[in-house]
Amino acid sequence: MLESSSVPLFIVFILLFILLLIVLLIRRNGTAALIWNEIIREKVTNFIMNQSKEQRILNFVLQNAVRGDPCSVVDTIDKYCSQKEWAMNVGNEKGLILDKTVEEANPSVALELGTYCGYSAVRISRLLKAGARLLTVEFNPEFAAIAKQMIEFAGVQDKVKLLEGPSEEIIPQLKKKYEVDTLDFVFLDHWKDRYTPDTILLQECNLLRKGSVLLADNVIFPGAPDFLNYVRKSPHFQCTNYPSHLEYMQVEDAMEKAVFLG
């Protein structure tokens, strides 16, 4: 009797140990975490609820945040993504680096590449001085629709203009179509393989002035080695690296600030 009952108990302990290892791996290994959150968990939840994760984030904000209060919207998104479902916002930890950089740059015209759900657009816009504006670019129409509602709920729609389409098409249109002379601040948080070509495009379109500040997210994970190599070796940029962690995780990451020297 003791032997027969101890076998199932042993199996339970083994399964619990394996589960613990999986949890630790997800928390500390970026690739494993993204596979779990973005491929497995998200797809299953979307199927069960017949709703996208981004729509669930928006619904949570609409139900729990204070309308017209951008800080409440940012805090509510952070709460959802840290406690319920992971999402690729810049997050609360790196958000402080973003805040400080925006405050130091004090931009009149800012550009964000990669709007997603509107988290960083709301975060940046709440720090803009009177009369300043943020242009935010999003390629995915479903994300753009969510972000538009998020920006309007936060009450920052007068400061933020959402541009839908690929960055390589919108950047050359900024001067004539959107009346941009030069950009004071640029936040790169879209496809990592677009960081370098879009930075070069900004230069070729004469959208950077001496002192323009670029801030790039996720330069360690998922990583943007080509961008780091480009700006750090270029005589036109002065770079500063800010070690941090992947949003809502313990995975090492960093942000890179590149100040254009002309």
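Okay, quick definition before I start: a helix axis here is a line fitted to C-alpha atoms over the stretch in contact, and the angle between two axes runs from 0 to 180 degrees between N-to-C directions. And please keep in mind that this is a predicted model.

So, helix packing. Two packed helices are described by the angle between their axes and the distance between the axes. Let's begin with H3 and helix H7, which covers residues 141-154. Those two pack at about 10°, with 10 Å between the axes. Angles under 35 degrees count as roughly parallel, and so H3 and H7 are roughly parallel to each other. Who's touching whom? On the H3 side we have Glu 54, Gln 55, Ile 57, Leu 58, Val 61 and Leu 62, and on the H7 side Phe 143, Ile 146, Gln 149, Met 150 and Phe 153. By type, the residues of that contact are eight nonpolar, two polar and one charged.

H3 has another partner. That helix spans residues 53-64, and it packs on H4, residues 70-83, at an angle of about 130° with the axes 9 Å apart. That makes H3 oblique to H4. The crossing, if you're looking at it on screen, is right-handed. From H3 you get Arg 56, Ile 57, Phe 60, Val 61 and Asn 64, and they meet Val 73, Thr 76, Ile 77, Lys 79, Tyr 80 and Cys 81 of H4. Sorted by type, that contact gives seven nonpolar, two polar and two charged residues. Ile 57 and Val 61 turn up in the contact with H4, and they're also listed for the contact with H7.

Tyr 195, Thr 196, Thr 199, Ile 200 and Gln 203 of H10 meet Asp 226, Phe 227 and Tyr 230 of H12. That splits into four nonpolar, three polar and one charged.

To find your way around, Ser 120 is in helix H6, residues 119-125, while Asp 189 is in the loop between strand E4 and helix H10.

Another "binding site" feature in the unreviewed UniProt entry covers Asp 189, Asp 217 and Asn 218. They're spread over 30 residues of sequence but cluster in space, with a largest C-alpha distance of 7.6 Å. Which of them line the largest pocket? Asp 189 and Asn 218 do. Then UniProt lists Lys 192, Asn 218 and Glu 247 under "binding site", again unreviewed, and the pocket lining includes Lys 192, Asn 218 and Glu 247. Asn 218 is in the loop between strand E5, 208-216, and H11.

Most residues other than glycine have a negative phi, and most peptide bonds are trans. Asn 106 isn't a glycine, yet its phi is positive, about 45°; you'll find Asn 106 in the loop between helix H5 and strand E1. And Phe 221 is joined to Pro 222 by a cis peptide bond, omega about 0°, with Pro 222 in helix H11, residues 219-223.

Okay, that's me done.

Notes:
Residues numbered from 1 in each chain as written. Predicted model: local features only at pLDDT ≥ 70, side-chain atom pairs only at ≥ 80, totals over all residues. Heavy atoms only, no water. Helix = DSSP H or I, 4+ residues; strand = E, 2+ residues; numbered from the N terminus. Parallel < 35°, antiparallel > 145°, perpendicular 65-115°, else oblique. Left-handed = near helix turned anticlockwise from the far one by under 90°. Contact = heavy atoms within 4.5 Å. Nonpolar A, V, L, I, M, F, W, Y, C, P; charged D, E, K, R; others polar. UniProt positions renumbered as here; feature names shortened; annotations may be inferred. 1 Å grid on protein atoms, 1.4 Å probe; cavity = no way out; pocket = protein on both sides within 12 Å on 5 of 7 lines; lining within 4 Å.
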